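Okay, hi everyone, thanks for having me.

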Amino acid sequence: MTRSMRRAIAAGSLLASAAGPAAAQDWYPSKYGAADEIGAANLLTPEVTLEAVRLVKAGKVYPLAVPVDRHLPAFRHRSFRLYNVQPGEQAGKTLGPNRFTFNDELVEAWTGVGTQLNGIGHIGIDHVYYNGNRAADFVTVEGVTKLGIEKVPPMVTRGVVLDMTEHYGQAIVPESTEFTVADIQAVLKKEGLTLRQGDVVLFNTGWLELIGKDNKRFLEVEPGIGMEAARWLADQGIVAFGGDTWASEIYPGPTGEEFPVNQFMLAKNGIYNLELIDTRPLVRDRAFEFLFVLGQPLYTGSTQVNVNPVAIR
């Protein structure tokens, strides 16, 4: 563990111990029950899964993650480092009469680098998280004791991608473009789709094209949904939202608030966030509706994790 990581963890622990009251308490307990820890994932019923499976006609599979290495731009303090080692042996040596060799990798990284699932314990409001869980009661230096990513069931449901590049007529949607309800409804109509309870909704903005070309712009600003669209999407009963940007909402926000959409979706409604999803292959094939499959690593106590979701159509 690096010195910077120790400092960050210590700072997080101090924040947790200083947890104060939420600005408002009308968003908990959850509609799924006062003890619920999985939020909108409760909507992932067998019926929803069976209906989504029926979407598969061609059997074509799309990986939706971006490759991760130390050069990938990441939010503020986050970084990724991978080291290859051969434990117990110096390079060039072998084991046993059969000359056995192997490679092993050590990763020192933040779980929020690259394509990721942000769990409902990741974002809070004044140190209060989904279902009224206060940081002082469940956040420790070794992870959270509630709302951990290991509690999230596999997501096998209908996925929808909304191509905002075609809607705005630009290969890369300009920064500070806020997607309104009217914009979303227009794209859904053009794609011949209607949102259903249990859906995963992804936005294609062209923003991934900036990686490696203009990392500064990629991280400092982005287009996305605002609060109006967030409320409407939540009313549709979606399980997760996200797309090809790093925050899945317009940034900076028009009101100066820090990530209010994420607060509303995760903390208040238990709706998950999927960031840096590579929607480009789906858009190229005009595969706007598909079976979405995600089984994340079960890192006990983590609130977010690197993932590689799969779309099948």
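I'll go from the sheet to the helices, then to the core, and finish with some loops.

First, a caution: what you see is a predicted model.

Let's begin with the sheet. It is open, has nine strands, and its order is β1-β17-β15-β9-β11-β13-β14-β4-β16, with mixed pairing. Which strands sit at the edges? Those are β1 and β16, and each of them pairs on one side only. As you go from one strand to the next, the twist averages 25°.

Now find β11, residues 200-204. How much of β11 is buried? Five of its five residues are. If you want a landmark for it, look for Leu202, opposite Gly242.

On to the helices, then. When two helices pack, we describe them by the angle between their axes and the distance between the axes. Here the pair to look at is α5, residues 181-191, and α7, residues 227-235: their axes come within 8 Å and cross at roughly 55°. Because of that angle, α5 is oblique to α7. Who makes the contact? From α5 we have Val181, Ile184, Gln185 and Leu188, and from α7 we have Glu228, Ala229, Trp232 and Leu233. Sorted by class, that contact has six nonpolar residues, one polar and one charged.

Stay with α7 for a moment. Its buried residues include Ala229, Ala230, Trp232, Leu233 and Ala234. And what covers the buried residues of α7? The cover includes β10, α5, β11, β12 and α8. Just after α7 you reach Gly237, which takes a positive phi of about 80°.

In soluble globular proteins, nonpolar side chains tend to be buried together. In this model the largest nonpolar core has 63 residues, and Ile225, Leu233, Met265 and Tyr272 touch the most other members. Where does the largest share of this core come from? From α7, with five residues. Apart from that core lies another one, of 16 residues, among them Val66, Phe75, Leu208 and Leu210.

Let's zoom in on Ile225. If we leave aside neighbours within four places in sequence, its contacts include Phe179, Ile184, Phe203, Leu233, Phe241 and Met265.

Now the loops. Phe259 is in the loop between β13 and α8. Is Phe259 buried or exposed? It is buried, with a relative accessible area of 14%. Setting aside its neighbours within four places in sequence, Phe259 is in contact with Phe75, Arg76, Trp246, Ala247, Glu249 and Tyr251. The loop between β13 and α8 is also the place of Pro252, and the peptide bond from Tyr251 to Pro252 is cis, with omega near -5°.

There is another cis peptide bond between Tyr28 and Pro29, with omega about 5°. Pro29 is in the loop between α1 and α2.

Compare that with Ile211, in the loop between β11 and α6. Ile211 is partly exposed, at a relative accessible area of 24%. Not counting residues up to four places away in sequence, Ile211 touches Leu72, Pro73 and Phe218.

Arg99 has phi near 55° and sits in the loop between β2 and β3. For Asn131, phi is near 65°, and its place is the loop between β5 and β6. Which of them is exposed, and which is buried? Arg99 is exposed, with a relative accessible area of 59%, whereas Asn131 counts as buried, at 7%.

That's my tour, so over to you.

How values were computed. Residues are numbered from 1 along each chain as its sequence is written. This is a predicted model: local features need pLDDT of at least 70, side-chain atom pairs count only at pLDDT 80 or more; totals for chains, interfaces and linings use all residues. Side-chain values use heavy atoms; hydrogens and water are left out. Axes are lines fitted to C-alpha atoms, for helices over the stretch in contact, and angles run from 0 to 180 degrees between N-to-C directions. Helices (H or I, at least four residues) and strands (E, at least two) are DSSP runs, numbered from the N terminus. Angles under 35 degrees count as roughly parallel, over 145 as roughly antiparallel, 65 to 115 as roughly perpendicular and the rest as oblique. Contact means heavy atoms within 4.5 Å. Ala, Val, Leu, Ile, Met, Phe, Trp, Tyr, Cys and Pro count as nonpolar, Asp, Glu, Lys and Arg as charged, and the others, Gly among them, as polar. A nonpolar core is a set of buried Ala, Val, Leu, Ile, Met, Phe, Trp, Tyr and Cys residues joined through side-chain atoms within 4.5 Å. Buried means under 20% relative accessible area, exposed over 50%, partly exposed in between (1.4 Å probe, protein chains only). Two strands pair if DSSP finds at least two bridges between them.
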